[in-house]
Amino acid sequence: MNRILTAVFGTGFVGRVHLEAIARQGFVDLHAVGEADVEKGRKLAEEFGAQSLESDWRKILENPKLSAVHICTPNALHFPMAKAALEAGKHVVCEKPLATSVDEARQLVELAARTGLRNCTNHNLRYYPMVQQMRRMREAGELGDILVVQGTYSQDWLLYDTDWNWRVDAAENGPSRCMADIGSHFCDMAEHVTGLRITALCADLQTFHKTRKRPKGPIETFAGKTLTPDDYIETPIATEDFGAVVFRMGDRTRGAFTASQVSAGCKNRLSIEVYGSRKSVMWSQERPDELWIGNRNSSNQIIIKDPSLMLPAARSYADLPGGHSEGYDDSMKQVFRRFYRSIEDPSMAGEYPQFADGLRQMTVLQAELESSAGHGWVEVPAMQAASA
């Protein structure tokens, strides 16, 4: 394979995960890190062998040899960065949500189509091996007709009013926090596994902490619980801590889920249950190598990830043999592998979530916000997600 030159904008929690996954690709070289906090950026640039560090990300895009960029910044920067990168002729991986509005997301989809550049919205949680096993079981007809989809994405890292992160600030994060940050992962996975689309929904969102105590200094994602409340600023909060959604998938399938960032004891519990007319499957991100299979007339099963025992179409998402766990960072590796191979080989299909998938979830999110504000059901505009 040819060597591919890339760059990463943003060096927070997820920025570091991107850097580590890029390093695992084997044929991708890190050209630059874009980070306004120069000292913080310099440490990661040196650690991962970046050729340069820039406090102004626009300068990085000027390099004609640069092929791709990863956008790992606060949400409000996703649209201007992705737009500028596409206009500069760069392929783009953007963290979700793709933008802070449906209109911005649609502009990016249209721009990507016009330029013909590879584009990825990083809904990486699809690519846990056992999630792919669920999807392939559905495709093979093992589940039968899908009747019910339910579950939760629950965390506890913003339980206290002293917990703070840039995501609680609507100016940096956009109008939605919990549903945009983690609820979108559940909806993307539900549609990806079932092959169905959410057509209507009724949502109830809640902000439990109307104000939070903002530290005067910067903190990393998930690090707030280690701080002492010595030096805070009382700050009004407009983004939600929790959401509950009842939804329809077409005429027959029904579902419900919650998303929460204030559920004590839940560290990163994305749990999805898919109930079919023949079998059911259940998976939890906190126990990623296990898949529960429910049967009506025989014993239920719990199977452990083992590529040699998985359905053939799911095997390529597991690199390690049975008994060797593959987790969150491995799901990133799987997405980026497919993204960069599609750059290296223009004939390849984009077998990863694309900007159209990001627009799809922004459309669902907008319906959730409208539903909660209006206290009623909202139709979700019809559109298909782009990728397999």
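Buried means under 20% relative accessible area, exposed means over 50%, and partly exposed lies in between (1.4 Å probe, protein chains only). Helices (H or I, at least four residues) and strands (E, at least two) are DSSP runs, numbered from the N terminus. The model here is predicted, so local features need pLDDT of at least 70 and side-chain atom pairs count only at pLDDT 80 or more, while totals for chains, interfaces and linings use all residues. Residues are numbered from 1 along each chain as its sequence is written, and side-chain values use heavy atoms, with hydrogens and water left out.

**Exercise 1.** Find which residues of helix 4 are buried, and what they pack against.

Step 1: look for their contacts (heavy atoms within 4.5 Å). The buried residues pack against several elements, including strand 1 (4–9), strand 5 (91–94) and helix 10 (355–374).
Step 2: look just past the helix. Gly 89 follows helix 4, and its phi is positive, near 85°.

**Exercise 2.** Work out the order of the six strands in the open sheet, and say which strands stand at its edges.

Step 1: trace the pairing (DSSP must find at least two bridges between two strands). The order comes out as 3-2-1-4-5-6, with parallel pairing.
Step 2: check the ends. Strand 3 (52–54) and strand 6 (119–121) each have a single partner strand, so one side of each is left without a neighbour in the sheet.
Step 3: zoom in on one pair. Strand 1 and strand 2 (residues 28–34) are joined by six bridges, and Ala 7 has Ala 32 in strand 2 as its bridge partner.

**Exercise 3.** Describe how helix 1 and helix 9 pack.

Step 1: take the geometry. Helix 1 (residues 13–23) and helix 9 (residues 328–344) meet at an angle of about 60°, with axes 9 Å apart.
Step 2: name the contact residues. Helix 1 brings Phe 13, Val 14, Val 17, His 18, Ala 21 and Ile 22, and helix 9 brings Tyr 328, Met 332, Lys 333 and Phe 336.

**Exercise 4.** Explain why strand 13 counts as largely enclosed, then find its partners.

Step 1: count burial. Six of the eight residues of strand 13 (residues 269–276) are buried, so the rest of the structure largely encloses this strand.
Step 2: follow the pairing. Strand 7 (residues 146–154) runs antiparallel to strand 13 over eight bridges, with Thr 152 partnered by Ser 271.
Step 3: turn to strand 14 (residues 279–284), which pairs with strand 13 in the antiparallel sense over five bridges. Tyr 275 stands opposite Ser 280, and two residues separate the strands of this hairpin.

**Exercise 5.** Decide whether His 185 and Ala 180 are buried or exposed.

Step 1: apply the cut-off. His 185 is buried because its relative accessibility is 8%, and Ala 180 is buried at 3%.
Step 2: list contacts, leaving out residues up to four places away in sequence. His 185 touches Lys 96, Asn 122, His 123, Asn 124, Leu 125 and Tyr 153, while Ala 180 touches Lys 96, Pro 97, Glu 240 and Leu 365.

Methods:
Axes fitted to C-alpha atoms, helices over the stretch in contact; angles between N-to-C directions.
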